[in-house]
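User: Hi! Could you help me learn to read the ligand sites in a protein model?

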Amino acid sequence: MTTRVLVNIGELTTNDPACGDGSVMGRMHDAAMVLDEGQVLWIGANADAPAGDEVIDVDGAAVVPGFVDSHTHLVFAGERSEEFEARMAGQRYDGGGIQRTVSATRGATSDELRRAMATRARALRASGVTTMEVKSGYELTVEGEVRLLGIAGEFSDEVTFLGAHAVPSEFAHDRDGYVDLVAGAMLERCAPNAKWADVFCDEGAFHVDEARRILLAAREAGLQLRLHANQLGDSGGVALGVELDVASVDHCTHVNDADLDALASCDTVATLLPGAEFSTRSAYSSGRRFLDAGVTVALATDCNPGTSYITNMALVIALAVREMSMSVDEALWAATRGGATALRRDDIGRLSVGSRADLLVLDGPRAAHLAYRPGGAVVAKVLRARR
Ligand code: NIG
Ligand code: FE
């Protein structure tokens, strides 16, 4: 196996408290690393760097773990820019536009969907995302959801069944019939093609009781659980997520103190999605409030055609810093180790011996450039371990 030695790392963020300054960021200066195609083999002082097959001199740049984007909806056809413009002019987001993407996606060939997905995945990877979760949810038929999960699985191991994204128009007068389908035949066909199950549990979407039923059936079918919760209102989704010990409750725009207390005393991560708040012109959730309460926070793009067509994780970090009162380090941790925790993974989101060799060389001497230069080309090089 070929070994690579990264030398002259000006500032290294490992997210490993056993490394460097002993903080949660595990920060070192004047560092070096040795990797092979799969994992990190050695981390230490630049002066002690051993020899390797290939030397990469990063010339004083900052190095950080690859981003873990734990929430995306990348398999879809069409676009909804008119809805975005209407929202910028004052219209409220209510989830109704999902039906437009469902129509477009049902009408697309698998090759069209695969090509569109590939373009988005390429953009995310170029922005520094080395692991991405991908959800279904834009066909809402048994065979359609199986098709979307299959395409998602060509790009990621973190694939999520989201049959409960909306009630499709053909079930508009038989909502219970659709919940029966999702928790029954659809789940049965989809479970072998997914790792996770998710439900859009919110005002105007699925109620807490419907979400509980679907998630319990999904767990029974061998899937792990995550949940869209409290994006549009204080809907009880966060409490349900904690009750079911889901890996992550996502959005959390509207939460009360009891939700925060509950989250702080369990393993469920709160995944905040400032791109959705940006693109729906909603008030940002307060990352500060979550962190001060002791909740584990992740940041993700939520890349989707309706509420957050964002393929740039550094921009998400910048939004969290500017709009959610998170420090740069808190936002960087949330976009790396936080995302990994939201996927219940220990091998990614950090750089320590034995972890995956997923890392970013930045164009700048400090990780702070990720938020300091919003929209800039701050990620200079992405190294991703062979899967
Ligand atoms: O995470 N909230 C539900 N799902 C997506 C949006 C879906 C859409 O509008 O197409 C989200 O924001
Ligand atoms: Fe989402």
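Analyst: Let's look at two sites, one after the other. This is a predicted model, where local features need pLDDT of at least 70, side-chain atom pairs count only at pLDDT 80 or more, and totals for chains, interfaces and linings use all residues. Residues are numbered from 1 along each chain as its sequence is written, chains are lettered from A and ligands numbered from 1 in the order in which they are written, and side-chain values use heavy atoms, leaving out hydrogens and water.

User: Which residues are the closest to ligand 1?

Analyst: A residue is near a molecule if one of its heavy atoms lies within 4 Å of it. Here 15 residues surround ligand 1, and the closest are Arg80, Tyr93, Tyr138, Gln231 and Thr307.

User: How far is a polar side-chain atom of Arg80 from an oxygen atom of ligand 1?

Analyst: That distance is 2.7 Å. For Tyr138, a side-chain N or O atom is 2.6 Å from a ligand 1 oxygen, and for His251 the value is 2.9 Å.

User: What coordinates the iron ion (ligand 2)?

Analyst: Donors are N, O and S atoms within 2.8 Å of the metal (3.2 Å for Na, K and Ca); water is not among the atoms, so sites may look incomplete. The iron ion has His71 (NE2), His73 (NE2), His228 (NE2) and Asp302 (OD), at 2.0 to 2.6 Å. Their spacing along the chain is H-x1-H-x154-H-x73-D.

Note on methods
Polar contact = N/O pair within 3.5 Å; in protein donor to acceptor, adjacent residues only side chain to side chain.
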